[in-house]
Amino acid sequence: MALAVTPVKKKTSSKQAASKIVLRHVALAVVASPAKPPAKTAPAKPTGHWRAPNFADSTAGDIATGEDPIARQAAVQALGKLNGAIVISDPATGRILSMVNQKLALKSGFQPCSTIKVPVALAALSEAVVDRNTQIRLYGKTSIAMTEALAKSSNQYFASLGEKLGFERTSYYARLFGLGEKAGLDVTAGINADAEQPGILPAATPKSGMGMMTSFGDGITLTPLEFAGLIGAVANGGTLYYLQYPKTQEEAEALEPKVKRHLEIANLIPEIKPGMQGAVEYGTARRIGADTNEAIYGKTGTCTDTRTPTHLGWFGSFAETNGQRVVVVVLLTGGSIVSGPAAAGVAGQVYKNLEAASFSVPAPSAKANFPTPVGSRNGFANLMLSNAIKP
């Protein structure tokens, strides 16, 4: 039986709300073990109040005729029988190299959980709310700065940033970074030709408060494609490309990169990369277990999506494989076995598979035609530009 979390009707202060975040997260994650394990030949059933199965044929319905075959094989093998989706993309062009479980990847998304901390960190740095070395007190004499907060996914730290930023500035940067809009150019896939759906950004502060919005993504839905687009921009220095998904190898060879907008975050990326690398080396993503020749930068997310309901495990990352950058986003859905660390383990296997196959990112046949940049580091002063970047 899952532990019930009863909504508190009495109003609480921002500090009280922030202090309860960890307790709520733990309560949502604790589930009793089933009385009997499922048969080995049958899909494992979810536990507690979760309804999505832990295991499924995640390739069913996929059509991968335009994908890079090495990237596809690396992703399919790494995901195995787990119920989830993997998106591998080229941050230098926006090409989707592989999309496993296309139906799931193209849905309107799921709660981003702690992956929301990446855009929140960039927003806070853009607005000079904090810098990388700013210490924020968690409790007593314990304080941390951004690197440790990202590596260990500190909910109190990012709840504090949310309170400092406020709803309007947080929403502005979320949309600027590609949340709440389609990531791709007319991306469709699968035997039913499913079309990409955008994620959701709330119109007002969620009832749970800004702290929960900026530490767990309450009120927001994120898609694997949106997350791949944002991580790609971090990987390439600030260019948010439209993701493109060729249907044939001829289309893939003729693909011309298309820029959605330039993000003025080049000088901010070095501020968050140590925390994303720390997540892999000693933080929440250390289960990645990847023994590659290049550094990997990533961010995990674990929570329950109450709309489905399903437990979620997110991991968005980028690395250099054989000297070329590649983005890997993993989303797992299911029950008690699902988590961000588990998703990181899947991504680690993807990177191992790519390296073992001496994977090389295909070179584009044409150069990008860069449009006029939208948005700037002036941030909140340019909130009027939000109308120009709506989907």
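1. Start with the disulfide: Cys-113 and Cys-303 are joined, with the sulfurs 2.0 Å apart. Keep in mind that this is a predicted model.

2. On its geometry, the torsion about the S-S bond of Cys-113 and Cys-303 comes out at about -70°, so the disulfide is left-handed.

3. Where do the two cysteines sit? Cys-113 is in the loop between α4 (102–105) and α5 (117–126), while Cys-303 belongs to strand β9 (residues 296–305). They are 190 residues apart, so to speak a link between distant parts of the chain. Buried or exposed, Cys-113 and Cys-303? Both are buried.

4. Next, the helix pair. α9 (residues 224–236) packs against α11 (residues 269–281) at an angle of about 110°, and their axes are 10 Å apart. The two helices are therefore roughly perpendicular to each other, given that angles of 65 to 115 degrees are counted that way. The crossing of α9 and α11 is left-handed.

5. Which residues make the contact between α9 and α11? From α9 come Ile-231, Ala-233 and Val-234; α11 puts in Ile-269, Ile-272 and Met-276.

How values were computed
Residues numbered from 1 in each chain as written. Predicted model: local features only at pLDDT ≥ 70, side-chain atom pairs only at ≥ 80, totals over all residues. Heavy atoms only, no water. Axes fitted to C-alpha atoms, helices over the stretch in contact; angles between N-to-C directions. Helix = DSSP H or I, 4+ residues; strand = E, 2+ residues; numbered from the N terminus. Parallel < 35°, antiparallel > 145°, perpendicular 65-115°, else oblique. Left-handed = near helix turned anticlockwise from the far one by under 90°. Contact = heavy atoms within 4.5 Å. Disulfide = S-S within 2.5 Å. Buried < 20%, exposed > 50% of the residue type's maximum accessible area, 1.4 Å probe, protein only.
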